[in-house]
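Trainee: Could we go through this model together? I would like to begin with the charged side chains.

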Amino acid sequence: TGGGEKNLGGRGEPMEEAAASSSQAEPAEDSTPKEPVPALPEEPADSVEHLKVSLRLPSGQRITRRFVPTDSVEQMFVVAAALSEQPTRLVDLSTQFPKRSLRDIEGGLSTPMKDAQVAGSMILVTVRAD
């Protein structure tokens with residue numbers, strides 16, 4: 001009977017290795033097609049020239065954030081995506097009054113924030129379904 005126990009132990013080891021290697025492969029498969037969530041960019045210091053924008057996240061949380069006036073509107077999308085933990089392409093930003101989407105802003109996402117008329121505004125952050 002002692003030999004049988006060794007065989008069972010021998011069979012268990014390869015199974016553990018197989019389980020470990022398959023579990024390592026699964027996250028790579030899951031994460032490959034997904035766009036990563038951007039890292040939150042550093043906020044400019046209060047001492048430098050800046051403008052403030054309030055972001056209302058999908059959770060209802062409101063965050064006031066400083067931006068350099070020359071930052072592009074795209075920078076605001078990156079911040080909103082990082083705060084809502086979503087890929088940038090799924091995040092939409094819009095002003096509340098007058099209601100307008102910032103994805104469709106004249107001049108595109110490279111428009112400087114000082115020209116986008118968003119300083120002091122409440123910006124609604126919404127997330128589209130993937």
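Trainee: Which residues are linked in a network of salt bridges?

Mentor: Asp92, Arg103 and Arg128 are linked in such a network. A salt bridge here is a side-chain nitrogen of Lys or Arg within 4 Å of a carboxyl oxygen of Asp or Glu. Please keep in mind that this is a predicted model, in which local features need pLDDT of at least 70, side-chain atom pairs count only at pLDDT 80 or more, and totals for chains, interfaces and linings use all residues. Residues are numbered from 1 along each chain as its sequence is written, and side-chain values use heavy atoms, with hydrogens and water left out.

Trainee: How many salt bridges does the count come to?

Mentor: Two salt bridges are counted. Asp92 forms one with Arg103, where the closest N and O atoms are 3.0 Å apart. That pair links distant parts of the chain, with Asp92 in strand β3 and Arg103 in the loop between β4 (100-101) and β5, 11 residues apart. The side chains of Asp92 and Arg128 also meet in a salt bridge, at 3.0 Å from N to O. Here Arg128 lies in the segment after β5, 36 residues from Asp92. Helices (H or I, at least four residues) and strands (E, at least two) are DSSP runs, numbered from the N terminus.

Trainee: Is Asp92 buried or exposed?

Mentor: Asp92 counts as buried, at 17% relative accessibility. Buried means under 20% relative accessible area, exposed over 50%, and partly exposed in between (1.4 Å probe, protein chains only). Arg103 is partly exposed at 27%, and Arg128 is partly exposed at 38%. As a general point, side chains of opposite charge can pair when their charged atoms come close.

Trainee: Let us turn to the sheet. What order do the strands have?

Mentor: The five strands form an open sheet in the order β2-β1-β5-β3-β4, with mixed pairing. Two strands pair if DSSP finds at least two bridges between them. β2 and β4 stand at the edges with a single partner strand each, so one side of each is left without a neighbour in the sheet. Strands β3 and β5 pair in the antiparallel sense over five bridges, and Val91 stands opposite Val127 in β5.

Trainee: What packs on the sheet?

Mentor: Helix α2 does, touching β1, β2, β3 and β5, and its direction makes about 120° with that of β3. Axes are lines fitted to C-alpha atoms, for helices over the stretch in contact, and angles run from 0 to 180 degrees between N-to-C directions. Touching, or contact, means heavy atoms within 4.5 Å.

Trainee: And how do β1 and β2 pair?

Mentor: They pair in the antiparallel sense over six bridges, and Leu55 stands opposite Ile63 in β2. The two strands form a hairpin with five residues between them, and Gly60 in the turn has a positive phi of about 100°. β2 has a covered face of Ile63, Arg65 and Phe67, and an uncovered one of Arg62, Thr64 and Arg66. In a regular strand the side chains alternate between the two faces of the sheet.

Trainee: Which residues have the most contacts inside the largest nonpolar core?

Mentor: They are Val53, Met76, Leu93, Leu102, Val118 and Ile123, in a core of 21 residues. Such a core is a set of buried Ala, Val, Leu, Ile, Met, Phe, Trp, Tyr and Cys residues joined through side-chain atoms within 4.5 Å. The elements giving two or more residues to this core are β1 (51-56), β2 (62-67), α2 (73-84), β3 (91-95) and β5 (122-127). Helix α2 gives the most, with six residues.

Trainee: What is Leu102 in contact with?

Mentor: Leaving aside neighbours within four places in sequence, the contacts of Leu102 include Val73, Met76, Phe77, Leu93, Leu109, Val118 and Ile123.

Trainee: One last topic, the backbone. Which peptide bond is cis?

Mentor: The bond from Phe97 to Pro98 is cis, with omega near -5°, and Pro98 is found in the loop between β3 and β4. Glu85 has a positive phi of about 55° although it is not a glycine; Glu85 lies in the loop between α2 and β3 and is exposed at 60%. Gln117 also has a positive phi of about 55° without being a glycine, and is exposed at 64%. Most residues other than glycine have a negative phi, and most peptide bonds are trans.
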